[in-house]
Amino acid sequence: MSGGRHYLPLTDAERREMLAAIDASSVEQLFDELPPAIRLKKDGLKLPPPLSEMEVLSHLGSLAAKNRHLREYPCYLGAGVYDHFIPSVVQHITGRSEFYTAYTPYQAEISQGVLQSIFEYQTMICRLTGMEASNASLYDGATALAEAAVASCGATRRDRVLVSRAVNPYYRQVLQSYMEARNFGVEEIPLAEGKTDHAKLETMLNQNTAALLLQQPNIFGLLEDMDGVAEVVHRYGALLVISADPISLALCRAPAEYGADIVTGEGQNLGNPPSFGGPLLGFFAARKKLLRRIPGRIAGETKDREGRRGFVLTLQTREQHIRRERATSNICSNQALNALAAAVYLAALGPAGLREVAGHCLQKSVYARKNITAIKGFEQAFTGVHFKEFAVKLPGSAKDLNRYLLEHKIIGGFDLEPHYPELGPAMLFCVTETKTREQLDGLVEALEGWL
Amino acid sequence: MSKEQALLFELGAPGRRGYSLPQLDVPEEPVDELLPARMQRKTRLDLPEVSEGELVRHYTALSTRNHGVDSGFYPLGSCTMKYNPKINEETARLPGFAFIHPCQPAESIQGAMEMLHRAELYINEVTGMDRTTFQPAAGAHGELTGMMLIRAYHQSKNDQRKIVLAPDSSHGTNPASAAMAGYDIKEIPSDKRGLVDLEALREALSEDVAALMLTNPNTLGLFEEDILEIATAVHDVGGLLYYDGANLNAIMGHARPGDMGFDVVHLNLHKTFSTPHGGGGPGSGPVGVKKHLAPFLPVPLVERGENGFYWKDDLPQSIGKVQGFYGNFGVVVKAYTYLMMMGAAGLRQAAEDAVLNANYLMQRLKKSYDLPYDRLCKHEFVISARKQKKKGVSAADIAKALLDYGFHPPTVYFPLIVEEALMVEPTETESKETLDRFAEALEEIARLTEEKPERITSAPHTTPVRRLDEVKAARNPSVCYRSDG
């Protein structure tokens, strides 16, 4: 029999028996209170007919086959979603169905697996960022930054934030929607040479500023100069919020070292596939003083009645199911399985592995940058310290270039022009440890052949 | 007595590793030249150092300390913990779906866009709406998006409405989401039937009301049979009707929110459409709207043109973006797979079996527990342990006692309008034997409440840890491991 009937265990005989047990003459009777005007006929829904598993696999397979994917073509896109190597062990752990078929661990005694894994994840995020508290995850890096802005407004009782134009444009769009909804204001700090304009920043800060939002490295892959930033921000009583690339933190200063109060970011790059931009993993960590402002689930350590260590969801009075309209956030479902993947990834790599990955990103992107900007007409957009992404001004439109590269079985970089028209035609290239020298040389060769 | 499971940080040894990477194949430059010393990390990077085998044993041990739908019955009310078909996992992992980047040129991702387009058409059909966005990453995120849409709609008419109504039985996310969208919340009481009190609703309605948020069937598992009157009343004052789709599973193929008069709908693909809950996520909370709200949807939308599918970005009235890209695409692949498997007939059958299972279980359990709203239920029902409470056994105790029988307990203490509430949602993927065994367990617990209540109040007895001290955890929070204690 075709269709998902094999998910439904009741037999017709059992259905009859159960109907009899509840004194109903037919299944239809169970829907008696639905107003007749809205009741659908048996064939009321116009959907494709049910298919067998074999047919569905073939249908989905043919849809997937219409996409050019990153295991097929080298891809130089970044801008928030990254192509990093995922060790086999990650998928094997997240594929254990005791984890992935569970829900939020409300019943702690039979959810110690998920709860302990969240506690371990929180600890690793704290150690990466230098913060003292972390939540169990948010939807993605963009919403994590928006939630940090909202939390900052709550913590400071102020109603506007400053965000650098060097923050990912998609993140700023999400920030805008979240802040606008609450009647909070967002002001953008202009760029100076691809980085946040520090001179402007000082003039824009005032007594209404809840937070300064920066990305590290920023959208152009440049490391922002953080010396003195926190001091200025704190002088105005505002918070410093950073959106960080967690892999960069193996080599670059932990945000705590330069005085950040909240650190958010995208954790997809820690063991999760790009998946067309979702599911991703928003991480959110903060100083201890902000613990009760943190949105979403938090796992905490405790003891059972026999003195054994165990873990529970804690500080739940922040949350929607207790506090309703006064909750710190409305979030309920989060990205727990992606957080599990991140924890497995970080534990598999350990300190040496994460440094090695970060080091390869740094070295390979420098190699690519030097060779690309040596091509006539390809000009490095900004000087400064890069991590794994860099912006290049192009001798023609990025759209054309990407079309050309696709013909050469390469997925090109991120088109910056729609977001930063002042740059003219420009592309953001991302080079991670997954790219071989041969592929990078192939990219340069292809670029040389364009125009 | 079972042992504690060591933390990752208590395992391994310095220098041990669980990965391998290729040799660097480009000329290596001194790191100090690429990254000035003042920008380098000074803090020690204190991550676990374990071998791959140790890592696998650690997580395998953790997994055995966890209950999922695959482990056993999981009648967690309002969460629709149905079986998660394995084919879903396989399709979402196809490299053509899992390993594509959201910023790829449209011509290189036509299959993904086609899948989103088809999924939208089918979801529109199931809900009776005109357009759907998949950008919201979870149900609550869908609610927030829906509230933003409603706000943008009213504002486009220079109408600054301030109030959102929600029944006192509503999910906590409803008021929280409305508040995040800048609204004041007003609660509508439920009447004796457990349904929206129509009189109270009419009194609360005014031209300051932006929307009524409604779950139908509601969180008591009861169908709001006055829905058409409710819709008319809300629309008459210029308000909109918002559908919280958490409970759509009960009525798939039997009725559609769009036909009931709802203007905005969110679904939980991780509930109704069988995608796994992931230990807390990822979910997916698509939002469907009627035509008059479509101009405000988040950007971009997938459109079908002459040369294939493309992203439509130019929606001048759009609320913008609510997630970095297109939402939890991987979850949508799983839900689409489920839709393809089930078809219209399968969805309708699933709803029927879900409702039959719930009513069967309810009729049996009402003999041992109070049933405050004794009427036909849909996919779930709420019993009360107030009778047991008089013997010193609370809903929480009963939940913990169920753990010893190998069952995940129902949702407890929700909805808030039922004292000592136990909210049971069996779903359609459970067999009659499972329902009978579960009923026997609850009957035995009711019996023990009379005879040996301490057996119940001291439960659980067989789990890896005994009852955990939540008060201690909240009073002195430890949310991050410190090796120095």
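Predicted model: local features only at pLDDT ≥ 70, side-chain atom pairs only at ≥ 80, totals over all residues.
Helices (H or I, at least four residues) and strands (E, at least two) are here DSSP runs, numbered from the N terminus.

Figure 1. Chain B contains 17 helices and 12 strands. Along the principal axes, the C-alpha atoms of chain B fill a box of roughly 75 × 65 × 45 Å.

**Figure 2. Burial and contacts in chain B.** Of the 485 residues in chain B, 61% are buried.

**Figure 3. Domains of chain B.** The domain assignment divides out domain 1 (8-64), domain 2 (87-341) and domain 3 (346-471) of chain B. Between domain 1 and domain 3 of chain B, the C-alpha centres are 46 Å apart.

**Figure 4. An open sheet of 3 strands in chain B.** The strand order in this sheet of chain B is S10-S12-S11, with antiparallel pairing. Strand S10 (381-384) and strand S11 (411-412) of chain B are the edge strands, each pairing on one side only.

**Figure 5. Pairing of S11(B) with S12(B).** Strands of a sheet pair through backbone hydrogen bonds, in either a parallel or an antiparallel sense. Here S11(B) and strand S12 (residues 421-424) of chain B are antiparallel, and their pairing spans 2 bridges. Thr411(B) has Met423(B) of S12(B) as its bridge partner.

How values were computed
Residues numbered from 1 in each chain as written. Chains lettered and ligands numbered in written order. Buried ≥ 20, exposed ≤ 12 C-beta atoms within 10 Å, placed from the backbone. Contact = placed C-beta atoms within 7 Å. Pairing = 2+ DSSP bridges. Domains from an automatic or database assignment.
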